[in-house]
Amino acid sequence: MVQRPPAEIGMSLAEVDTPALLLDLEVFERNLARLAQAVASTSVRLRPHAKTHKCPIIALRQLAHGR
């Protein structure tokens, strides 16, 4: 049995099967970049905390912005 994702681009909120993680990709990418820039001149190292979002794809994108 093929299972469809809980949401797809263009769906109305009423059509989304919950629970589903929905986010604005532009805002998400901008926030990742802003956080990386904020710590760039410090000794702070970024690492994902996936307990909140529980999404491996987001964790990988967070790692890509870490140092």
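Me: Is His-53 counted as buried or exposed at its relative accessibility?

Reply: His-53 counts as buried because its relative accessibility is 19%, and buried means under 20% relative accessible area, exposed over 50%, and partly exposed in between, with a 1.4 Å probe and protein chains only. The model is predicted, so local features need pLDDT of at least 70 and side-chain atom pairs count only at pLDDT 80 or more, while totals for chains, interfaces and linings use all residues. Residues are numbered from 1 along each chain as its sequence is written, and side-chain values use heavy atoms, with hydrogens and water left out.

Me: Where does His-53 lie, and which residues is His-53 in contact with, leaving aside its neighbours within four places in sequence?

Reply: His-53 belongs to helix H2, residues 50-53; helices here are DSSP runs (H or I, at least four residues), numbered from the N terminus. Once its neighbours within four places in sequence are set aside, His-53 is in contact with Leu-21, Ile-58, Ala-59 and Gln-62, where contact means heavy atoms within 4.5 Å.

Me: What should I look at in Lys-54?

Reply: Look at the backbone of Lys-54, whose phi is near 50°, a positive value in a residue other than glycine. Lys-54 sits in the loop between H2 and H3, and it counts as exposed because its relative accessibility is 68%.

Me: Which peptide bond is cis?

Reply: The bond joining Thr-18 and Pro-19 is cis, with omega about 0°, and Pro-19 is found in the segment before H1.

Me: How do I read the sides of a helix such as H1, and which residues of H1 are buried?

Reply: An α-helix has 3.6 residues a turn, so residues three or four places apart point the same way. In H1, the buried residues are Phe-28, Leu-32, Ala-36 and Val-39. They lie on the same side of H1 because they cover an arc of only 80° around the axis, the arc being that of the directions from the helix axis to the C-beta atoms. On the other side of H1, the exposed residues are Glu-26, Arg-34, Gln-37 and Ala-38, whereas the buried residues of H1 pack against H3.

Me: How is a pocket found, and how much space lies in the largest pocket?

Reply: Rolling a probe the size of a water molecule over the atoms shows where empty space is left. On a 1 Å grid over the protein atoms alone, where a 1.4 Å probe fits, a pocket is an open set of points with protein on both sides within 12 Å along at least five of seven lines, and lining residues have an atom within 4 Å of a point. The largest pocket holds about 510 Å³ of space. Its lining has 18 residues, and the closest to its centre are Ala-7, Leu-21, Leu-22, Leu-23 and Leu-25. H3 gives the largest share of this lining, 3 residues.

Me: Which residues line the second largest pocket?

Reply: The lining of the second largest pocket is formed by Phe-28, Asn-31, Leu-32, Leu-35, Leu-46, Arg-47, Pro-48, His-49, Gln-62 and His-65.

Conventions
Grid points are joined across faces, edges and corners, and a volume is the space filled by probe spheres set on the points. Helices (H or I, at least four residues) and strands (E, at least two) are DSSP runs, numbered from the N terminus.
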